[in-house]
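This report examines selected helices and strands of the model shown here. Each section takes up one element or a group of related elements.

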Amino acid sequence: MKTIQKAVRDHRNGFFLAGCIITGILLALILLGAVWTPYDPTAMNGSEKLLGPSLSHLFGTDNFGRDIFSRVLKGAGVTALVAGGTVAIGGVCGILIGALTGYFGGAVDELLMRFNDAITAFPSILLALVCVTLFGSGKYQVLMVLGVVFIPSFARVTRTAFRALRDANYVQSARLMGAKPSRILFVHILPNTLPVLLPAVTIGFNNAVLAEASMSFLGLCGQPPDASLGTLLSEAQGMLATAPWYALCTGGCIVALIFGVGLIGEGLQSGRGERNA
Amino acid sequence: MNEELTLSVRHLTCGYRAGGGLFEKAVRQEVLRDVTFDLRNGEILGLVGESGTGKSTLAKAILGMVRPDSGEIIHHTKRPQMIFQDPYSSLNPAYTVAWILEEPLRIFGKYDGPERKRRVREILDRVELPEECLAAKPSELSGGQRQRVSIAAALIQRPKFLIADEPVSALDVTIQAQILQLLKKLNQELGLSYLFISHDLNVVYQLCDRVMVMKSGQIVEQGSVEEIFNHPRQDYTRQLLAAE
């Protein structure tokens, strides 16, 4: 938490601030979209087909006369949920595996890292296809699959960080005082790895947004009302000539989401290093 | 069992396994050879020698961090605590001094909050740190203050025996003198025994009662400070003294 506090305190940290503002606005819109949208995102209106952006339809309408702004709000919610869930699953499992392997090393390390390699060896889209065939499509299935696919990257970052600190003097002191391994791992070491882990989480979130978008672009993320930004994007592809604003607004939303979280990660990273000085 | 002894080490031989993962063959390297000595209660025993002679390995073996190949290490008191050379890395940078000092008591698990706070204040007094330090992070303290916090953290479980591995060599000369004074005072007030590892013979001369001289994993000479410094018997010891 200190990394965050430090980043907040440091007024010169423009990256962090800008990232927080962008992400904050998007998050507010997503939360708003969960309870209220200007129009019903699935209601068709034959008299308002393919309208360009205007005050009554901020992002215009599609070929069924559906309000794109409302659809994007809902879609961004699905995307954020899947990406957040992915990072939660991948992060918790990855950090746990990385902490154990980095700290203990030896046989545990070899075993778990080979398991990691096994997951990495599968192309993630292929793995996702297999899982969707087995378990059916839908946002929760995609969330689970992506979560598992994301474990190795988190595990690797965490492992390196824990390995670097496992023989630090303060860790040795804690061992001498009789601290249990679990306490050493999560109370003594983990807080000191946050400057590395938090940026990794933001990068992971962005990768998850992109992975989710490409998977639903391929139609793996389930059908409306589960439409995510990727689903919308693949819809918009068909209307590129008649309603280019559809693709632009949806793509722009993905870019904004990634850009905002990316800036936060950048800000957290630039706050690092001064801490131990 | 001798009641006057803190520690007995008998014929200790110790090696490292270098490498040795799943697919590589481990290589043995002997670091300590047939080390024998006693540490009496309340005694400050210096351990000198060039770097790489196994001084730190001896400390680690005594602390149980390195498993000996043969020989015996007999602790006559509670397990010792350690003071490290670098006070920057021996304190957890993520927490405040108050947390760092309370942590050994939390780990020990027998004290409630108020009792822990009381003992932290008491130890802070002993190492002559102001109470304002409690709220500070280690990075906000000076080197000397940090080393005082390390000493306090080592002492808070009330051990009778401290191992200090070059505890002052990272500090300025004036701060060095203050920390040495503090160590001497704690030795007298609490009856602590020290194994004091240093390459700085001056410091050893000021602080220690007895000295052991180590060369390539063996103790080549031991005796009182007077004997070793004024009448060294071994060439190696004479060289060390001449190098000062």
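## Position of B:P114

In this predicted model, B:P114 lies in helix α3 of chain B, which covers residues 113-126. Is B:P114 buried or exposed? Its relative accessibility is 61%, and because exposure requires a value over 50%, B:P114 counts as exposed.

B:E102 stands twelve residues from B:P114 along the chain. The C-alpha atoms of B:P114 and B:E102 are 11 Å apart.

## The sheet of chain B

Chain B contains an open sheet of six strands, arranged in the order β5-β6-β7-β3-β8-β9 and with mixed pairing. At its edges are β5 (81-83) and β9 (218-224) of chain B, each of which pairs on one side only. Direction ignored, neighbouring strands of the sheet are turned against each other by 20° on average.

Two helices that pack on this sheet are described here. Helix α1 of chain B (residues 55-63) touches β3, β5, β6, β7 and β8 (210-215) of chain B, and its direction makes about 150° with that of β6(B). Helix α5(B) touches β3, β5 and β7 of chain B, with its direction at about 155° to that of β7(B).

Strand β7 of chain B spans residues 193-197, and five of its five residues are buried, so the strand is mostly covered. B:S193, B:L195 and B:I197 point one way, while B:Y194 and B:F196 point the other way; all are buried.

Which strand is joined to β7(B) by five bridges? That strand is β6 of chain B (residues 161-165), which runs parallel to β7(B). Within this pairing, B:D165 has B:I197 as its bridge partner. From β6(B) the chain crosses through helix α5 of chain B (residues 173-190) to β7(B), forming a right-handed β-α-β crossover.

## Strand β3(B) and its partners

Strand β3 of chain B (residues 44-48) pairs with β7(B) in the parallel sense over four bridges. Along this pairing, B:I44 stands opposite B:Y194, B:G46 has B:F196 as its bridge partner, and B:L47 has B:I197. Strand β3(B) is also joined to β8(B) by four bridges, and these two strands run parallel. In β8(B), the bridge partner of B:L47 is B:M212.

How many of the five residues of β3(B) are buried? Five of the five are buried, and the strand is mostly covered. The cover extends to both faces: B:I44, B:G46 and B:V48 are buried on one side, and B:L45 and B:L47 are buried on the other.

## Overall composition of chain A

The secondary structure of chain A comes to ten helices and zero strands. The C-alpha trace of this chain spans about 75 × 50 × 30 Å along its principal axes.

Of the 277 residues in chain A, 48% are buried. Among the contacts in chain A with a separation of 6 or more, 73% are between residues 24 or more positions apart.

## Packing of α6(A) and α8(A)

Two packed helices are described by the angle between their axes and the distance between the axes. Helix α6 of chain A (residues 139-165) packs with helix α8 of chain A (residues 181-217) at an angle of about 150°, and their axes are 9 Å apart. The crossing of α6(A) past α8(A) is right-handed. The contact of these helices involves 18 nonpolar residues, five polar residues and one charged residue.

## The enclosed helix α7(A)

Why is helix α7 of chain A (residues 169-176) largely enclosed by the rest of the structure? Seven of its eight residues are buried, so the helix is largely enclosed. The buried residues are A:N169, A:Y170, A:V171, A:Q172, A:S173, A:A174 and A:L176.

These buried residues pack against elements of both chains: α3 (68-104), α6 and α8 of chain A, together with α1, β5 and α2 (97-108) of chain B. Just after α7(A), A:G178 takes a positive phi of about 95°.

Note on methods:
Residues are numbered from 1 along each chain as its sequence is written. Chains are lettered from A and ligands numbered from 1 in the order in which they are written. This is a predicted model: local features need pLDDT of at least 70, side-chain atom pairs count only at pLDDT 80 or more; totals for chains, interfaces and linings use all residues. Side-chain values use heavy atoms; hydrogens and water are left out. Buried means under 20% relative accessible area, exposed over 50%, partly exposed in between (1.4 Å probe, protein chains only). Two strands pair if DSSP finds at least two bridges between them. A crossover is right-handed if, with the strands pointing away from the viewer, the path from the first strand over the helix to the second runs clockwise. Axes are lines fitted to C-alpha atoms, for helices over the stretch in contact, and angles run from 0 to 180 degrees between N-to-C directions. A crossing is left-handed if the near helix is turned anticlockwise from the far one by less than a right angle, and right-handed if clockwise. Ala, Val, Leu, Ile, Met, Phe, Trp, Tyr, Cys and Pro count as nonpolar, Asp, Glu, Lys and Arg as charged, and the others, Gly among them, as polar. Contact means heavy atoms within 4.5 Å.
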